[in-house]
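Work through the exercises below with the sequence and the model side by side. Try each task before reading its solution.

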Amino acid sequence: MAKQKFYAIKAPDGGKIVLSWEECQQLTHGVKGILFRAFPSRAEAQNWIDGISAPVPKGLRIYVDGSFLEGFPKAGWGFIVVENDTEVAHGSGVTVFDAESRNIDGECMASYQAMKWLEANDKTAVICHDYEGVARWAKEEWKAKSSIAQKYVEACRPLVHRVSFEKVAAHTGVKWNEAVDKLAKDAIARAKKGPAAVESKAAPAAAPSGPVAKPVPTTAPTEPVPEPVKDPKTGQMSLPL
């Protein structure tokens with residue numbers, strides 16, 4: 001049985017808590033100047049409406065997201081590394097190959113790039129995502145049926161020990177989730193302008209607290225386009241993530 005969620009709606013003239021996503025949508029869709037978020041308890045929902053901030057989570061957290069735009073074949077991806085509510089690093093780009101599952105391709109690539117960042121910096125973190133498959137596939141709790149899911153599972157297998165996962169409701173006013181959504185969308189906008197605009201657009205970020213074992217890159221490194229690999233049993237050509 002699914003756990004009860006509490007949907008807090010904040011408007012300039014007050015706030016309200018409802019118990020279903022359907023009712024939340026009816027009250028917020030197309031309404032300007034309104035914010036809404038899902039919470040696991042009524043008390044947390046009311047605190048958010050009243051402007052009482054929750055404690056800032058400790059440790060590294062990486063927010064990931066993907067985006068897809070009709071008329072453009074590739075998906076955008078982005079990740080933001082956060083420590084004590086301060087940005088440490090970020091990266092973004094578009095998928096090398098055309099997206100087969102729209103923004104899901106971008107979400108998988110964002111999670112994979114986040115894991116690569118952790119591996120390069122010898123760190124562990126919580127990956128905050130809004131698509132459930134990001135965690136389920138990586139932990140091999142869901143069967144990977146699509147080719148993008150299969151590539152994601154294979155690519156993450158040697159890296160997934162560095163992460164745990166936390167699902168965040170999309171488009172509900174969570175600061176870093178909204179920021180990474182914009183990163184993924186901006187990556188598509190740059191790609192549409194041509195190769196020169198795809199170069200890194202990362203802004204300098206504050207250094208994390210405590211010692212850092214390795215220099216912290218602000219974006220994932222650019223990689224050459226991988227070559228197709230032929231399956232010796234089936235003869236089919238496949239492409240790495």
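**Exercise 1.** Which strands does helix H2 lie across, and at about what angle does H2 run to E1?

Solution. This is a predicted model, in which local features need pLDDT of at least 70 and side-chain atom pairs count only at pLDDT 80 or more, while totals for chains, interfaces and linings use all residues. Residues are numbered from 1 along each chain as its sequence is written, and side-chain values use heavy atoms, with hydrogens and water left out.

Step 1. Find H2 at residues 42-49. Helices (H or I, at least four residues) and strands (E, at least two) are DSSP runs, numbered from the N terminus.

Step 2. H2 lies across E1, E2 and E3; contact means heavy atoms within 4.5 Å.

Step 3. H2 runs at about 10° to E1. Axes are lines fitted to C-alpha atoms, for helices over the stretch in contact, and angles run from 0 to 180 degrees between N-to-C directions.

**Exercise 2.** Describe the sheet under study.

Solution. Step 1. The sheet is open, has three strands in the order E2-E1-E3, and its pairing is antiparallel. Two strands pair if DSSP finds at least two bridges between them.

Step 2. E2 and E3 (35-39) are the edge strands, each pairing on one side only.

Step 3. On average, neighbouring strands of this sheet are turned by 20° against each other, direction ignored.

Step 4. E1 (residues 6-11) is joined to E2 by five bridges.

**Exercise 3.** Where is Gly14, and is Gly14 buried, partly exposed or exposed?

Solution. Step 1. Gly14 belongs to strand E2, residues 14-18, and its bridge partner is Ala11.

Step 2. The relative accessible area of Gly14 is 34%, so Gly14 is partly exposed. Buried means under 20% relative accessible area, exposed over 50%, and partly exposed in between (1.4 Å probe, protein chains only).

Step 3. Gly14 and Asp50 are 36 residues apart along the chain, and their C-alpha atoms are separated by 9.2 Å.

**Exercise 4.** Which residues of H2 are buried, and why are they on the same side of H2?

Solution. Step 1. Ala45, Trp48 and Ile49 are buried in H2.

Step 2. These residues cover an arc of only 100° around the axis, so they are on the same side of H2. The arc is that of the directions from the helix axis to the C-beta atoms.

Step 3. The cover over the buried residues of H2 includes E1, E2 and E3.

Step 4. Just after H2, Gly51 takes a positive phi of about 80°.
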